[in-house]
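This report describes a single protein model. The sequence and structure are shown first, and a description by topic follows.

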Amino acid sequence: KIAILVAITFSIMLPLIAYAEQQQIVIDKQNIQSIDSYGKYNQSDYTNFYNASNLFDGLVNSWSFWSDYGQSGISVDFKNPLPKPVCSIEIGVFNPQNTTFTMSLNNRTINAVLNAPNILGTIDPCVFDVKTLKMDFNAQNKWTSISEIKLFTNSTVQPPPIETCSPRNHVE
């Protein structure tokens, strides 16, 4: 008997699947039409220093935050809609107090709790053409202090091309 060895070569074609990657939407200060806030100590020396414009300055330190006491909030109006849809948000919280809040992007409302130093939230579906951002904090008898608000969009990213090999070789 003679054994015949037959080599069969085949390849598997895998589809290239695109995936979403978060990309921060940098808030251009020139695009901010107005930033307003309210609360028990609004328009005091304290809130004039710890004001809402600190929320978009890219700094996270012991003095660059917004803070107010009791029922309070902020609102931001943009001159032009943000250039990309908002798909997620990160809120830096200074000394979290388990404060419930409502955030509105245009007419979309989201309810959450400030219960950790960084609050991460996905907005599904994404909000397009954001022209206003508003946050209202339900903080009875306590302070709310926010260090930074970051908005993110999802960018579609194609995976790198699959390497091909000659027969009897493989990619490690």
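In what order do the five strands of the open sheet run, and is the pairing parallel or antiparallel? The order is β2-β4-β9-β6-β7, and the pairing is antiparallel.

## Basis of the description

The model is predicted: local features need pLDDT of at least 70, side-chain atom pairs count only at pLDDT 80 or more, and totals for chains, interfaces and linings use all residues. Residues are numbered from 1 along each chain as its sequence is written, and side-chain values use heavy atoms, with hydrogens and water left out.

## Overall architecture

The protein chain has 172 residues, of which 33% count as buried. Buried means under 20% relative accessible area, exposed means over 50%, and partly exposed lies in between (1.4 Å probe, protein chains only).

## The open sheet

Strands of a sheet pair through backbone hydrogen bonds, either parallel or antiparallel. Two strands are taken as paired if DSSP finds at least two bridges between them. In the five-stranded open sheet, with the order β2-β4-β9-β6-β7, the edge strands are β2 and β7, each of which pairs on one side only. From one strand to the next, the twist averages 15°; axes are lines fitted to C-alpha atoms, for helices over the stretch in contact, and angles run from 0 to 180 degrees between N-to-C directions.

The antiparallel pairing of β2 with strand β4 (residues 72-78) extends over six bridges. Aspartate 36 stands opposite serine 75 in β4.

## Aromatic contacts and the surface patch

Six aromatic pairs are present in the structure. Rings of Phe, Tyr and Trp (its six-membered ring) pair if their centres lie within 6.5 Å; planes under 30 degrees apart count as stacked, over 60 as edge-to-face and the rest as tilted. One of the pairs joins tyrosine 41 and tryptophan 143, which are stacked at 5.3 Å centre to centre with 10° between the planes. This pair links distant parts of the chain, 102 residues apart: tyrosine 41 belongs to the loop between β2 and α1, and tryptophan 143 to strand β10 (residues 143-157). Ring pairs also bring Tyr69 into a cluster with Tyr41 and Trp143.

Tyr41 and Trp143 belong, together with Tyr46, to a nonpolar patch on the surface with about 270 Å² of accessible area in total. Patches are made of residues with over 30% relative accessible area and no salt bridge; like charges are joined within 9 Å, and nonpolar side chains (Val, Leu, Ile, Met, Phe, Trp, Tyr) within 5 Å. Accessible areas come from the Shrake-Rupley method with a 1.4 Å probe, and for residues only the protein chains shown count as cover. Tyrosine 41 is partly exposed, at 35% relative accessible area, and tryptophan 143 is likewise partly exposed, at 33%.

## The salt bridge

Side chains of opposite charge can pair when their charged atoms come close. The structure holds one salt bridge, defined as a side-chain nitrogen of Lys or Arg within 4 Å of a carboxyl oxygen of Asp or Glu. Lysine 134 and aspartate 136 form the bridge, with their closest N and O atoms 4.0 Å apart. Lysine 134 is partly exposed, with 39% relative accessibility, and aspartate 136 is partly exposed, with a relative accessible area of 24%.

## Backbone features and loops

Where is the cis peptide bond of aspartate 124? It leads from aspartate 124 to proline 125, with omega near 5°. Proline 125 lies in strand β8 (residues 118-127).

Asparagine 106, a residue other than glycine, has a positive phi, near 55°. Asparagine 106 is located in the loop between β6 (99-105) and β7 (108-114) and is partly exposed, at 25% relative accessible area. Aspartate 129 also has a positive phi, of about 55°, although it is not a glycine. This aspartate is found in the loop between β8 and β9 (132-138) and is exposed, with a relative accessible area of 54%.

Lysine 84 is in the loop between β4 and β5 (86-93) and is partly exposed, at 36% relative accessible area. Lysine 84 and valine 130 are separated by 46 residues in sequence and by 8.4 Å in space, C-alpha to C-alpha.

Conventions: Helix = DSSP H or I, 4+ residues; strand = E, 2+ residues; numbered from the N terminus.
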